[in-house]
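Please examine the model shown below, with attention to the ligand and the residues around it. The paragraphs that follow lead from single contacts to the pocket as a whole.

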Amino acid sequence: MHKDVAEILVSEEQIQERCKELGKELSDYYRERNSVPMLVGLLKGSVPFLVDLIKRMDIDVEIDFMDVSSYAGTNSVEVRILKDIESSVADKDVLVIEDIVDTGKTLEKVCEILRSKGAREVKIATLLDKPGGRKVDTIVPDYVGFSVPNKFVIGYGLDYNQKYRNLPYVGVIKEEAI
Ligand code: IMP
């Protein structure tokens, strides 16, 4: 275990097993709709999850990426697009792939943007959900890997100051590492 990790919350084996289950559930859903979904990964945290998830999907999918930065304004959260998707989502079923939903404000904006581009449907798959941090009631992730407590977590895509994204598990960072 990494020296800056206090405790492992989700092991590598648990993540792989859950990706297998979610991959099947998603494949069944889109197969039933006769659809080739566009998976939109939010950089950079969603990359390990997206990579493992698509390998467990046995239908055709398209992938694209968006990079957004969010910062708190006076009354709302400003979400700035650093990198937009390159493909058209008009009339497509979009599945946004996220590492963790905390306040929900980033996804609220991202879903709004994707809908404004004409997506037929926008769903959310997140590796982690932190329901204790939620500040908007419009965002309910459709597919959740694991629910985690209201603590700062790292690993499997999630960073603290850009570090720890490569850990193969999700853990709680030690106080002294912050
Ligand atoms: P939201 O807009 O508050 O839902 O922000 C979600 C984003 O905040 C995620 O994509 C992460 O980049 C970041 N985030 C929220 N909680 C954590 C955490 O515990 N560890 C690392 N990043 C986090």
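**The ligand and its pocket**

In the side chain of Thr103, an N or O atom lies 2.5 Å from an oxygen atom of the ligand. This is a polar contact, that is, a pair of N or O atoms within 3.5 Å. The model is predicted, so local features need pLDDT of at least 70 and side-chain atom pairs pLDDT 80 or more, while totals for chains, interfaces and linings use all residues. Residues are numbered from 1 along each chain as its sequence is written, and side-chain values use heavy atoms, with hydrogens and water left out.

Glu98 also has a side-chain N or O atom 3.0 Å from an oxygen atom of the ligand. Asp102 uses a backbone N or O atom, again 3.0 Å from a ligand oxygen. Taken alone, the ligand exposes 500 Å², and the protein buries 80% of that (accessible areas by the Shrake-Rupley method with a 1.4 Å probe).

Around the ligand stand 14 residues, the closest being Asp99, Thr103, Gly104, Thr106 and Val153; a residue is near if one of its heavy atoms lies within 4 Å. By class, this shell has four nonpolar, three polar and seven charged residues (Asp, Glu, Lys and Arg count as charged, and Gly is among the polar).

The ligand takes up the space of the largest pocket, whose volume is about 830 Å³. A pocket is an open set of points on a 1 Å grid over the protein atoms alone, where a 1.4 Å probe fits, with protein on both sides within 12 Å along at least five of seven lines; lining residues have an atom within 4 Å of a point. A molecule sits in a pocket if more than half of its atoms lie within 2 Å of its grid points. The lining of the largest pocket comprises 31 residues.

Technical notes: A polar contact is a pair of N or O atoms within 3.5 Å; within protein, one must be able to donate a hydrogen and the other to accept it, and residues adjacent in sequence count only if both atoms are side-chain atoms. Grid points are joined across faces, edges and corners, and a volume is the space filled by probe spheres set on the points.
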